[in-house]
Amino acid sequence: MNKQTIIRATGLQKSFGSVMPARNITVSIEEHSIVGLIGTNGAGKTTFVNMLTGYIRPDSGDIHFYDKRITGIAPRNITKLGIARSFQIPQLFASQTARENVEIALAISGFPATFADESLARLGVLEFSETPSGTLPEGTRKLLDIALAMVCKPKVLLLDEPTSGVAAEEKFDVMNRVLDAARELDVTVLFVEHDMEIVRRYSDRVLAFFDGTIIADGTAEVVLADPKVRELIIGETAVSVSGEHGAAHA
Ligand SMILES: Nc1ncnc2c1ncn2[C@@H]1O[C@H](COP(=O)(O)OP(=O)(O)OP(=O)(O)O)[C@@H](O)[C@H]1O
Ligand SMILES: [Mg+2]
């Protein structure tokens with residue numbers, strides 16, 4: 001089956017003073033794919049996510065969502081078009097309960113509060129609906145934050161380090177719930193991730209960022225074995241990439 005391109009970035013450039021986290025990035029993302037974004041600290045992953053979601057305007061280059069040019073459009077309007085995101089640090093109102101957080105997100109998106117339970121259940125966090133979000137464990141906070149991003153039923157979901165700060169034994173659970181929810185809603189997912197075991201297990205495709213460029217692009221198997229990726233990104237200590245986990249969502 002021929003898959004349609006949902007996001008197309010062409011020649012994206014961005015610099016902050018002498019730092020240049022995007023140097024002519026050109027890449028197309030297919031509908032329904034699960035794409036892992038890897039790279040060293042400061043490589044430009046969050047900058048890429050910020051450009052796709054309107055938080056940072058590229059100095060040059062273009063971004064298309066299907067056939068629509070979205071370069072320079074304000075974040076909330078990009079969200080309305082169907083591109084949602086989570087942040088490296090969950091953006092929650094700590095003293096509000098999980099349900100109240102969802103209700104606020106629903107109100108912003110123009111949906112009635114009656115969808116709150118459904119939104120919480122989709123990510124498997126309904127049991128925490130009356131708990132103040134600030135007291136929840138990090139994995140649950142991440143899931144709640146992603147539930148908020150998904151209330152608008154996006155077409156594309158960009159997740160900036162969905163498992164960072166989550167206990168190792170809970171990371172797979174977080175990813176399983178997120179990707180189950182994404183499949184339920186037919187969402188294309190791009191996720192930034194430093195844990196190569198997670199990348200290997202959940203990505204249909206991996207983009208490897210280094211110094212503002214994509215140095216490798218392909219299946220996890222190919223990209224994680226790429227000599228440049230191993231030298232520049234994974235380093236010698238990363239024995240986990242030789243693990244034997246299959247694709248959990250195959
Ligand atoms: N708003 C900004 N103003 C100034 N410099 C910025 C800004 N955003 C990012 N940078 C710089 O751009 C570079 C790329 O940052 P970015 O956040 O995209 O990296 P990253 O790949 O997400 O890294 P990490 O894995 O640490 O999250 C870094 O040197 C960062 O300091
Ligand atoms: Mg980042």
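**Entry 1: helix α6**

I looked just past helix α6 and found Asp-186 with a positive phi of about 60 degrees. I take helices (H or I, at least four residues) and strands (E, at least two) as DSSP runs, numbered from the N terminus. The model is a predicted one, so local features need pLDDT of at least 70 and side-chain atom pairs count only at pLDDT 80 or more, while totals for chains, interfaces and linings use all residues. Residues are numbered from 1 along each chain as its sequence is written, and chains are lettered from A and ligands numbered from 1 in the order in which they are written.

I checked the length of α6 (residues 168-184): its 17 residues reach 25 Å from the first C-alpha to the last. That is close to the expected 24 Å at 1.5 Å a residue, where the expected span is 1.5 Å times one less than the number of residues.

I then listed the buried residues of α6: Lys-171, Val-174, Met-175, Arg-177, Val-178, Ala-181 and Ala-182. They cover an arc of only 165 degrees around the axis, which puts them on the same side of α6. The arc is that of the directions from the helix axis to the C-beta atoms. A residue is buried if 20 or more other C-beta atoms lie within 10 Å of its own, exposed if 12 or fewer, and partly exposed in between, with C-beta atoms placed from the backbone. On the face of α6 turned away from the buried side I found the exposed residues Glu-169 and Glu-184. The cover over the buried residues includes α4 (116-122), α5 (138-150), β7 (156-160), β8 (188-192) and α7.

**Entry 2: helix α9**

Which residues of α9 (residues 227-234) are buried? I noted Val-229, Ile-233 and Ile-234. Seen down the axis of α9, these fall within an arc of 70 degrees, so they line one face of the helix. The face turned away from them carries the exposed residues Pro-227, Lys-228 and Glu-231. The buried residues of α9 pack against β3 (34-39), α7 (196-202), β9 (205-210), β10 (213-218) and α8 (220-225). Just after α9, Gly-235 has a positive phi of about 75 degrees.

**Entry 3: strands β3, β9 and β10**

I followed three of the strands that α9 packs against. β3 and β9 pair in the parallel sense over 5 bridges; two strands pair if DSSP finds at least two bridges between them. Ile-38 has Ala-208 of β9 as its bridge partner. β9 and β10 run antiparallel and are joined by 5 bridges, with Val-206 partnered by Gly-218 of β10. These two strands form a hairpin with 2 residues between them. Asp-211, in the turn, has a positive phi of about 50 degrees.

**Entry 4: Ala-9**

I found Ala-9 in strand β1 (residues 5-16). Is Ala-9 buried or exposed? It counts as buried because it has 21 C-beta neighbours inside 10 Å. Leaving aside neighbours within four places in sequence, Ala-9 is in contact (C-beta atoms, placed from the backbone, within 7 Å) with Ile-25, Thr-26, Val-27, Gly-61 and Ile-63.

**Entry 5: ligand 1**

I listed the residues surrounding ligand 1, meaning those whose C-beta atom, placed from the backbone, lies within 6 Å of it. Among them are Phe-16, Val-19, Pro-21, Lys-45, Thr-46 and Thr-47. β2 (19-30) and α1 (45-52) are the elements giving two or more residues to this shell, and α1 gives the most, with 3.

Key. Contact = placed C-beta atoms within 7 Å.
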